[in-house]
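Thanks for coming. I will go through one structure today, going from a single residue to the sheet and then to the helices.

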Amino acid sequence: FHDLGYEAKFGPDIAPDGKQKERENWNDVILEGRLKAAIDRINTHLTADAREDALRKVKRADSTSLLLSNRRFHELLANGIDVETRRTEGRIAGDKAWLVDFEHPENNDWLVVNQFAVIENGHSRRPDLVVFLNGLPVAIFEFKNPADEQATTWSALEQLRTYEAEIPSLFHFNELLVVSDGTEARLGCLTSP
């Protein structure tokens with residue numbers, strides 16, 4: 001990941017009690033400082049209020065269903081967030097706030113974090129790698145030891161399914177799941193068989 005231009009960090013370092021803290025609580029799965037900076041950087045055409053509204057909308061879960069929340073997030077990521085902004089002549093008009101700079105990819109903030117711990121509903125889980133795009137956890141990797149004959153891509157997938165059940169907030173923003181046993185790898189999305 002580093003060779004691809006990603007910034008790499010160790011999960012405990014950016015944890016609520018870490019030396020480079022980027023989260024207030026263990027159940028925070030968005031790196032809010034990075035997300036806010038990206039929204040501001042990408043959406044200079046919007047007022048500060050409209051950018052703040054976009055931040056609130058992406059953080060808000062509209063559904064108790066993980067799949068519906070995930071689908072809603074994908075729509076926001078791909079199609080932008082509807083916001084209202086005040087034009088220079090004073091009238092209010094609709095516009096879009098973007099979470100990703102698709103036209104200038106170098107403006108995006110890519111971060112990979114190993115051992116990103118999340119505590120939710122009394123469960124503490126630590127996926128092997130989480131990839132953040134502008135502060136949003138868009139990919140989760142789970143690896144198994146290739147020296148362990150019992151470890152397979154399927155056991156890695158089962159581990160992800162456990163995370164999905166026990167720390168679902170991490171999966172609201174997920175676009176890609178990757179599992180590997182060191183020999184084989186598989187990738188898919190939340191609804192992949």
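Is Asn134 buried or exposed? At 0% relative accessibility, Asn134 counts as buried. Buried here means under 20% relative accessible area, exposed means over 50%, and partly exposed is in between, with a 1.4 Å probe and protein chains only.

Before going on, a word about the model. It is a predicted model, in which local features need pLDDT of at least 70 and side-chain atom pairs count only at pLDDT 80 or more, while totals for chains, interfaces and linings use all residues. Residues are numbered from 1 along each chain as its sequence is written, and side-chain values use heavy atoms, with hydrogens and water left out.

Back to Asn134. Asn134 lies in the loop between E7 and E8. The names come from DSSP runs, numbered from the N terminus: helices are H or I with at least four residues, and strands are E with at least two. Phi of Asn134 is near 55°, which is a positive value in a residue other than glycine. The hairpin of E7 and E8 has 2 residues between the strands.

There is another residue of this kind. Gln115 is not a glycine, yet has a positive phi of about 60°. Gln115 sits in the loop between E4 and strand E5 (118-120). With a relative accessible area of 25%, Gln115 is partly exposed.

Now the sheet. Strands of a sheet pair through backbone hydrogen bonds, either parallel or antiparallel. For this talk, two strands pair if DSSP finds at least two bridges between them. Here 6 strands form an open sheet with mixed pairing, in the order E1-E4-E7-E8-E9-E10. Strand E1 (7-10) and strand E10 (185-188) stand at the edges with a single partner strand each, so one side of each has no neighbour in the sheet. From one strand to the next, the twist averages 20°.

Which strand is largely enclosed by the rest of the structure? That is strand E7 (residues 129-133), because 5 of its 5 residues are buried. In a regular strand the side chains alternate between the two faces of the sheet. In E7, Leu129, Val131 and Leu133 point one way, Val130 and Phe132 point the other way, and all are buried.

E7 has strand E4 (residues 110-114) as an antiparallel partner, joined by 5 bridges. The bridge partner of Val113 in E7 is Val130. E7 also pairs with E8 over 5 bridges, again in the antiparallel sense. In that pair, Phe132 stands opposite Pro137 in E8. Strand E8 (residues 136-143) and strand E9 (residues 176-180) run parallel and are joined by 5 bridges. There, Ala139 stands opposite Leu176 in E9.

Next, what lies across E8, E9 and E10? Helix H5 (residues 153-166) does, running at about 140° to E9. Axes are lines fitted to C-alpha atoms, for helices over the stretch in contact, and angles run from 0 to 180 degrees between N-to-C directions. Contact means heavy atoms within 4.5 Å.

Ala151 is in the loop between E8 and H5, and is buried, with a relative accessible area of 12%. Not counting residues up to four places away in sequence, Ala151 touches Lys144, Asn145 and Asp181. Ala151 and Ser180 are 29 residues apart along the chain, with their C-alpha atoms separated by 9.3 Å.

Leu170 is in the loop between H5 and E9. Leu170 is buried too, with a relative accessible area of 0%. Leaving aside neighbours within four places in sequence, Leu170 is in contact with Val29, Phe116, Pro127, Val130, Pro137 and Ile140. Val130 is one of the buried residues of E7. From C-alpha to C-alpha, Leu170 and Gly90 are 40 Å apart in space and 80 residues apart in sequence.

Last, a pair of helices. Two packed helices are described by the angle between their axes and the distance between the axes. The axes of helix H2 (residues 32-42) and helix H3 (residues 48-59) come within 10 Å and cross at roughly 135°. That makes H2 oblique to H3; angles under 35 degrees count as roughly parallel, over 145 as roughly antiparallel, 65 to 115 as roughly perpendicular and the rest as oblique. H2 makes the contact with residues Glu32, Leu35, Lys36, Ile39 and Asp40, and H3 with Arg51, Glu52, Ala54, Leu55, Val58 and Lys59.
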